[in-house]
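Please open the structure in your viewer and follow the stops below in order. Each stop names a selection and describes what is found there.

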Amino acid sequence: MRLYELLDGLDAARPDRDCEITGVTSDSRQVEPGTLFVCIRGTRADGHDYAVKAAEAGAAAILCERAIGLENEIVCHDTHYAYGIVCGNWYGNPARRLRLVGVTGTNGKTTVSYMVKHILESAGHQTGLIGTIHNEIGDITLPAKHTTPDPLALHGMLARMADAGCEYVVMECSSHALDQQRLAGLRFASVGFTNLTQDHLDYHGDMESYYHAKKKLFSMCDAAAVNMDDAYGERLAAEVRHICPVTTFSTVSDAADFTAKDIRPAPDSSRFMIVGKGAIARVRLPIPGDFSVANAMTAAVMCMALGLTLEQAAQGLNTCQGVVGRIEVLPTGTDYVVIRDYAHSPDGLEKIITTMKKFARGRVVTLFGCAGNRDRTKRKKMAEIVARLSDFVILTSDNPRDEDEMQIIEDAKPGLLEHPDTPYEIIPDRYAAIEWALGHAKKDDVLILAGKGHEDYQVLHGETICFDERQIVLELLEKKKGS
């Protein structure tokens, strides 16, 4: 592709000489002769510091934000934005052949994405998925490194989906991706907002910055579905109405455009009616929990914004199965229940424990940890919520990353002490903690393994090890039988 073609849509001045470009990258280690190297300022490194190295490796052009003194440099205002545009151009802007659907919020993005995909496919539309657990092109499953991929990987994935005949692509849109302009140049047919609770403050600094990162998505869409049960959702709906059409939904308020009525929770499902705008539909969602109803409402309203009827949305929800690692009941063959869930924030923990308390005939035992190199201020809050709502607590590790796991536990422990009547155990080694929990489980208990969900790894001191809790539980139970 020619350099001028790659720069189409950018405010950067065109160089005097056009040339053939053989590849695009923001990683200087991947530069080969003929490559366009884009200098990206990251949290740990600045691509501008590697521009000379890229030029020496044969880069045909260097796209940067400030003058470096190279003969082939092209200066633009924002290389984060420019990289998204360039990557789209490199792949022929495949997003223009698709209808994009985006989901953002702290909790529920993955579940809502799967629900939307299922509803669309139930209505006969071939749909791709880009998300936290994996990416899907029809029946093909591909691994996912990030919730929202970097621009080169993202547009490459969109190209594959468009070539495979997908009509829609449902995408989880993380606050990091929005803040870093990974979605630059994309236009979404419909987007949804689930909620906003404390998370990622290690990156954003405060809730206001976190909120504004999420809000960026709503300047890139044709229609929005917003949860009015969330305080930030109520604020968002008011602030973006002049930008895009907004449809609100609620599980409690008739003031919303669509409301969930007659909610009937059960251990294996949630029954309710969707009521609004002169329409009504009954739903029997095969997923338990009040928050599952809110997720289903998000998905239904988003799909209606795409042109589906309420009845089509309801029919899709009726056959929608749960997501791996989200309220997933593990097959144990025991007289107690083991559930793994991705809850790793204060709000997520509160929702999963509260849901299980409604159905548990015995104790609710929660095993959890706090992630390393992440917001330290939420650790005590997480422990306080778990101790307040659970009958027994096991505090362990999650992904310590580069932090001392005992320091993480010490940060969380004060939250446990706020509820002295709730018994607890502290077992830093997560494998040993699960083994202890299974060994002390009683009849009718519900054991919640919180934090890892679908993840099949653990990060310890910079090293990633295999850690699939579904497999670990089965192995430990087999070991227990043989002892």
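Predicted model: local features only at pLDDT ≥ 70, side-chain atom pairs only at ≥ 80, totals over all residues.

The bridge partner of Asp341 in strand E21 is Ala450. Strands of a sheet pair through backbone hydrogen bonds, in either a parallel or an antiparallel manner.

Next, display the whole sheet around this pair. It is an open sheet of 6 strands, and its order is E16-E17-E21-E18-E19-E20, with mixed pairing. Where are the edges of the sheet? Select 328–329 for strand E16 and 424–426 for strand E20; these strands stand at the edges. Each has a single partner strand, so one side of each has no neighbour in the sheet.

Now colour the protein chain by its domain assignment: domain 1 covers 3–91, domain 2 covers 94–318 and domain 3 covers 328–482. Between the C-alpha centres of domain 1 and domain 3 the distance is 45 Å.

The C-alpha trace spans about 75 × 55 × 40 Å along its principal axes. Buried residues make up 57% of the 483 residues. With the surface displayed, the accessible area is about 20,100 Å², and carbon and sulfur atoms contribute 49% of it.

Conventions: Residues numbered from 1 in each chain as written. Heavy atoms only, no water. Domains from an automatic or database assignment. Pairing = 2+ DSSP bridges. Helix = DSSP H or I, 4+ residues; strand = E, 2+ residues; numbered from the N terminus. Buried < 20%, exposed > 50% of the residue type's maximum accessible area, 1.4 Å probe, protein only. Areas by Shrake-Rupley, 256 points an atom, 1.4 Å probe, with all protein chains shown as cover.
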